[in-house]
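Reader: I am new to this structure. Could you take me through it in short steps?

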Amino acid sequence: KAGVTQTPRYLIKTRGQQVTLSCSPISGHRSVSWYQQTPGQGLQFLFEYFSETQRNKGNFPGRFSGRQFSNSRSEMNVSTLELGDSALYLCASSLTGAAEQYFGPGTRLTVT
Amino acid sequence: QQQVKQSPQSLIVQKGGISIINCAYENTAFDYFPWYQQFPGKGPALLIAIRPDVSEKKEGRFTISFNKSAKQFSLHIMDSQPGDSATYFCAASMETASKLTFGTGTRLQVTL
């Protein structure tokens with residue numbers, strides 16, 4: 001079974017721009033969660049989508065949004081990028097959302 | 001509010017030795033405790049997980065010990081190998097929810 005895939009793997013954007021990241025979960029998994037990983041704040045939960053609905057949300061500003069498609073693929077969007085948004089963005093897939101979550105390799109976003 | 005405290009921040013162990021990483025949690029609603037292993041440039045990989053109805057779980061060289069009354073759990077890596085050199089994260093969640101709350105990570109180095 002193929003693992004979680006994320007595209008692109010690396011991205012450089014300028015402050016004020018917006019960015020869209022993509023995640024394809026493991027086949028059959030219906031839950032996709034997004035996390036931000038930074039040296040200072042560690043791994044922080046952004047949000048979770050299940051069957052195209054946002055089911056859980058972390059403490060991030062509204063500039064961070066996401067969506068999930070009928071094939072369970074998910075996208076995450078960050079608008080009006082700030083320097084502090086530079087991070088590794090990780091997507092995790094799960095059968096139901098609870099218990100085992102499997103992470104992708106992440107998208108390294110650099111904001112200049 | 002940091003809900004999962006992890007120690008030590010870094011650990012150096014000789015090949016063949018035992019690596020021990022500790023975590024403590026605050027939220028008594030947590031009922032699922034996974035450990036993740038992350039290599040540089042990769043996403044976290046699920047290593048082993050435990051639920052509070054057992055006090056210990058072993059998979060190969062990896063063992064989780066769980067103390068519900070103390071709200072603590074730990075990862076033991078027996079016969080540590082250089083290939084185990086990575087960053088280890090403990091996490092906690094409510095099994096009914098997808099949000100993983102992570103510890104701050106432990107960078108393990110296994111020397112020859």
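Reader: Is Glu75(A) buried or exposed, and what is its relative accessible area?
Author: Keep in mind that this is a predicted model. Buried means under 20% relative accessible area. Glu75(A) falls under that cut-off, so it counts as buried, with a relative accessible area of 16%.

Reader: Which residue forms a salt bridge with Glu75(A)?
Author: Side chains of opposite charge can pair when their charged atoms come close. For Glu75(A), the closest N and O atoms of the pair are 3.4 Å apart.

Reader: Which residue forms a salt bridge with Glu82(A)?
Author: Glu82(A) sits in the loop between strand S8 (74-78) and strand S9 (87-94) of chain A. Its partner is in the loop between strand S6 (53-57) and strand S7 (64-68) of chain A, 19 residues apart. The closest N and O atoms are 3.6 Å apart. The partner is Arg63(A).

Reader: Which residues are linked with Arg63(A) in a network of salt bridges?
Author: One of them is already known from the pair above: Glu82(A) forms a salt bridge with Arg63(A). The network also takes in an Asp. The residues linked with Arg63(A) are Glu82(A) and Asp85(A).

Reader: How many salt bridges are there over all chains?
Author: Chain B has a pair too: the side chains of Lys57(B) and Glu59(B) meet in a salt bridge, 3.7 Å from N to O. Lys57(B) is partly exposed at 31% relative accessibility, and Glu59(B) is partly exposed at 37%. Over all chains, the count comes to 7.

Reader: How many salt bridges are counted between chain B and chain A?
Author: The two chains do touch: 17 residues of chain B are in contact with 19 residues of chain A. There are 8 residue pairs in polar contact across the interface. Yet the salt bridge count between the chains is 0.

Reader: What area is buried between chain B and chain A?
Author: On the side of chain B that touches chain A, there are 8 nonpolar, 5 polar and 4 charged residues. Carbon and sulfur atoms give 57% of the buried area. The area is about 1,400 Å².

Reader: How many Å apart in space are Ala24(B) and Phe73(B), C-alpha to C-alpha?
Author: Ala24(B) lies in strand S3 of chain B and is partly exposed, at 26% relative accessible area. Leaving aside neighbours within four places in sequence, its contacts include Lys71(B) and Gln72(B). Phe73(B) is 49 residues away from Ala24(B) in sequence. In space, C-alpha to C-alpha, they are 6.4 Å apart.

Terms used: Residues numbered from 1 in each chain as written. Chains lettered and ligands numbered in written order. Predicted model: local features only at pLDDT ≥ 70, side-chain atom pairs only at ≥ 80, totals over all residues. Heavy atoms only, no water. Contact = heavy atoms within 4.5 Å. Buried area = accessible area lost by both parts, 1.4 Å probe. Salt bridge = Lys/Arg side-chain N within 4 Å of Asp/Glu carboxyl O. Polar contact = N/O pair within 3.5 Å; in protein donor to acceptor, adjacent residues only side chain to side chain. Nonpolar A, V, L, I, M, F, W, Y, C, P; charged D, E, K, R; others polar. Helix = DSSP H or I, 4+ residues; strand = E, 2+ residues; numbered from the N terminus. Buried < 20%, exposed > 50% of the residue type's maximum accessible area, 1.4 Å probe, protein only.
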